[in-house]
Amino acid sequence: MRRASPAGRPAAGGRAPRPRDAQPEQLGFEGMPERLFVCTPSKLGAYADCPRRYRYSYVDRPAPSKGPPWAHNSLGASVHTALKNWYALPTDRRRPEVLPTLLKGTWVRDGYRDDEQERDAYRRALGWLEAYVGGLDPADEPLGVERVVAVKTGVLAFNGRADRIDSRPGEQGPELVIVDYKTGRTGLDTDDARGSQALALYAYAAERVFRRPCRRVELHHLPSGTVAAHEHTVESLARQVTRAEETARDIMAAERTVAEGGDPDDAFPTTPGPRCGWCDYRRTCPTGAALPGKEPWAAVERPTEPQVEQG
């Protein structure tokens with residue numbers, strides 16, 4: 001299959017393609033504000049992890065082909081949707097015995113090595129859900145489930161979908177809590193909750209959408225049944241917003257460089273590392289292609305199973 005030429009380089013007699021999120025250029029009037037950078041946590045995270053991955057995802061058109069689907073993404077999506085549908089039930093039907101039906105109805109089969117591994121993953125996921133739901137009060141009604149929150153700053157037009165937003169009693173009245181479900185094999189701690197830019201941006205946006213304090217963020221790790229939490233302050237949330245704005249400025253500068261005919265490889269360099277083995281665009285990226293890659297099912301294998309890597 002012929003690989004598409006790098007975006008941003010004019011074809012013969014043509015013009016350089018415009019990044020997907022770019023808007024038509026406006027006349028520059030003095031004092032006119034710059035356009036806001038429209039973003040989600042995954043968009044900011046893609047650039048922070050590797051600018052080249054951001055370019056492949058959001059700038060190059062046509063976008064390079066991705067690799068095969070990942071089993072761990074399928075597993076996570078299945079569990080998330082099952083929990084969403086559990087909360088969509090009337091409170092008198094929120095019982096553990098409905099979980100097999102919910103999980104089967106949301107199960108994503110992509111990426112697994114074979115039927116045996118898929119069945120094992122399903123059994124594990126069902127066990128996680130049963131244990132997790134067993135610790136919930138069915139009568140507790142979250143303020144939002146898979147709820148989109150959005151906010152604008154001087155640089156960002158941010159929007160994101162929080163797994164769950166709880167309203168809990170606080171010293172000064174009801175306070176909001178951001179809950180994020182995790183299904184990876186590795187356990188999480190308070191440092192993960194404190195350092196998560198996505199959770200901080202969700203909290204910042206939710207506080208402004210609902211006009212209630214939102215400082216607590218929680219990572220609910222279903223495989224271990226643990227909760228990693230952090231209590232933000234106004235200052236710590238502001239620092240995370242500033243970090244996001246700095247990333248957005250870097251992205252917009254790189255996109256302008258490409259739009260003006262600059263070399264996209266220079267504007268969006270690679271950040272080689274362990275993540276390359278899990279990247280959707282490893283086969284397209286010259287740097288990633290030179291590093292060992294992971295099989296699509298590697299992250300859901302039992303620890304005792306040998307993990308097969310591809311060269």
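A crossing of two helices is called right-handed if the near helix is turned clockwise from the far one by less than a right angle. I needed this for the entries below, which concern a predicted model.

**Entry 1: helices α3 and α4**

I looked up how helix α3 (residues 71-88) packs against helix α4 (residues 99-106) and found an angle of about 130°, with the axes 8 Å apart. Oblique covers angles between 115 and 145 degrees, and α3 and α4 are therefore oblique to each other. Their crossing is right-handed. I then listed the contact: α3 contributes Ser78, Val79, Thr81, Ala82, Asn85 and Trp86, while α4 contributes Leu99, Leu102, Leu103 and Thr106.

I turned next to strand β5 (residues 214-221) and asked whether it is enclosed or open. Six of its eight residues are buried, so β5 is largely enclosed by the rest of the structure.

On pairing, I found that β5 runs parallel to strand β4 (residues 173-182), with seven bridges between them. Here Val179 stands opposite Glu218 of β5.

With strand β6 (residues 226-231), β5 pairs in the antiparallel sense through six bridges. I recorded Ala228 in β6 as the bridge partner of Leu219.

**Entry 2: the turn**

Which residue in the turn between β5 and β6 has a positive phi? I found Gly225, with a phi of about 70°. The two strands form a hairpin, and four residues lie between them.

Key
Residues numbered from 1 in each chain as written. Predicted model: local features only at pLDDT ≥ 70, side-chain atom pairs only at ≥ 80, totals over all residues. Heavy atoms only, no water. Buried < 20%, exposed > 50% of the residue type's maximum accessible area, 1.4 Å probe, protein only. Pairing = 2+ DSSP bridges. Axes fitted to C-alpha atoms, helices over the stretch in contact; angles between N-to-C directions. Parallel < 35°, antiparallel > 145°, perpendicular 65-115°, else oblique. Contact = heavy atoms within 4.5 Å.
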